[in-house]
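Here is a protein chain to go through by question and answer. Each reply sets a value against its criterion.

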Amino acid sequence: MTYRTRYAFLMNRAKDIARHAHMSSANGRDLPPLFYLTDPKRTPHPEEIVAHLPTGAGVIYRHFGDPHAEAHARVLRTLCADNGVRLLIGQDDALAEEVGADGVHLPERALSKGPDIRERHPHWLITGACHGCETLDLGEVTALDGLFISPIFTSQSPSAKDVAPLGVKGIQMFCDLSPVPVLGLGGIRADNADQLTHSGLAGFGAIDAFQLK
């Protein structure tokens, strides 16, 4: 199976899930059903993955303080534009502005920046991370287009290794309470994504599922 074929399969799974979403995209902005999240250790060459992503997918570039972040972001911006893929920059709205990205992704601790970013960039796509139902009560959440909840399944992510997976009931609870569409993250692969079809999720993000082997 070629990488393009594998990623197209992931996209089809994500579209099936989004078709049954509890809520449509917020504020009339199209929310990609499939996101690739970069990780400098697990996927050190994100440009090789982005080059094969299907049209309509999304990329969240998390540079984690990389001194060459701007150069890398510009490469990803070009690849995304060529392939019809949306590029979000993790947490760094200044870098997103600099490279002409499609928006930003905010960690849970930075969700308070959402309303200000929304005011300055009304057409941006803005997503955020959510690790607990109490986050859904924050007024800032309504400035977002979508929230990623995790972990959905057992995950190799350092932040999720010791956290119990949400399970379908946990996912549905988040989807019922959230004022914006919810996406899944954590341990989602082509061989288990179909378990999420009627979960209420609007799609999912992944890291390991995109690894080039």
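Predicted model: local features only at pLDDT ≥ 70, side-chain atom pairs only at ≥ 80, totals over all residues.

Q: What makes the radius of gyration of the protein agree with that of a compact globule?
A: The rule is 2.2 Å times the number of residues to the power 0.38. With 213 residues, a compact globule would therefore have a radius near 17 Å. The protein has 16 Å, which agrees. Its C-alpha atoms fill a box of roughly 45 × 40 × 35 Å along the principal axes.

Q: How many helices and strands does the protein have, and in what order do they run?
A: There are six helices and eight strands. From the N terminus on, the order is α-β-α-β-α-β-α-β-α-β-β-α-β-β.

Q: Which share of the contacts joins residues at least 24 apart?
A: The count takes contacts between residues at least 6 apart in sequence. Of these, 61% join residues at least 24 apart.

Q: What share of the residues is buried?
A: Buried residues make up 52% of the 213.

Q: Why is Ala96 called buried?
A: Buried means under 20% relative accessible area. Ala96 has 1% relative accessibility, so Ala96 counts as buried.

Q: Where does Ala96 lie, and which residues is Ala96 in contact with beyond its neighbours within four places in sequence?
A: Ala96 lies in helix H4, residues 93-99. Its contacts beyond those neighbours are Ile89, Ala101, Gly103, Val104 and Trp124. Contact here means heavy atoms within 4.5 Å. Ala96 and Trp124 are 28 residues apart along the chain. Their C-alpha atoms are separated by 9.8 Å.

Q: How do you know how many disulfides there are?
A: A disulfide needs a pair of cysteine sulfur atoms within 2.5 Å. By this rule the count comes to zero. Take Cys175: the nearest cysteine sulfur, that of Cys133, is 10 Å away. Cys175 is in no disulfide.

Q: Why are Cys80 and Cys175 called buried?
A: The cut-off is under 20% relative accessible area. Cys80 has 0% relative accessibility, so Cys80 counts as buried. Cys175 has 2%, so Cys175 counts as buried too.

Q: How many positive and negative charges does the protein have, and what separates their mean positions?
A: There are 20 positive and 25 negative charges. Their mean positions are 6 Å apart.

Terms used. Residues numbered from 1 in each chain as written. Heavy atoms only, no water. Helix = DSSP H or I, 4+ residues; strand = E, 2+ residues; numbered from the N terminus. Buried < 20%, exposed > 50% of the residue type's maximum accessible area, 1.4 Å probe, protein only. Lys, Arg positive; Asp, Glu negative; His and termini not counted. Charge placed at Lys NZ, Arg CZ, Asp CG, Glu CD.
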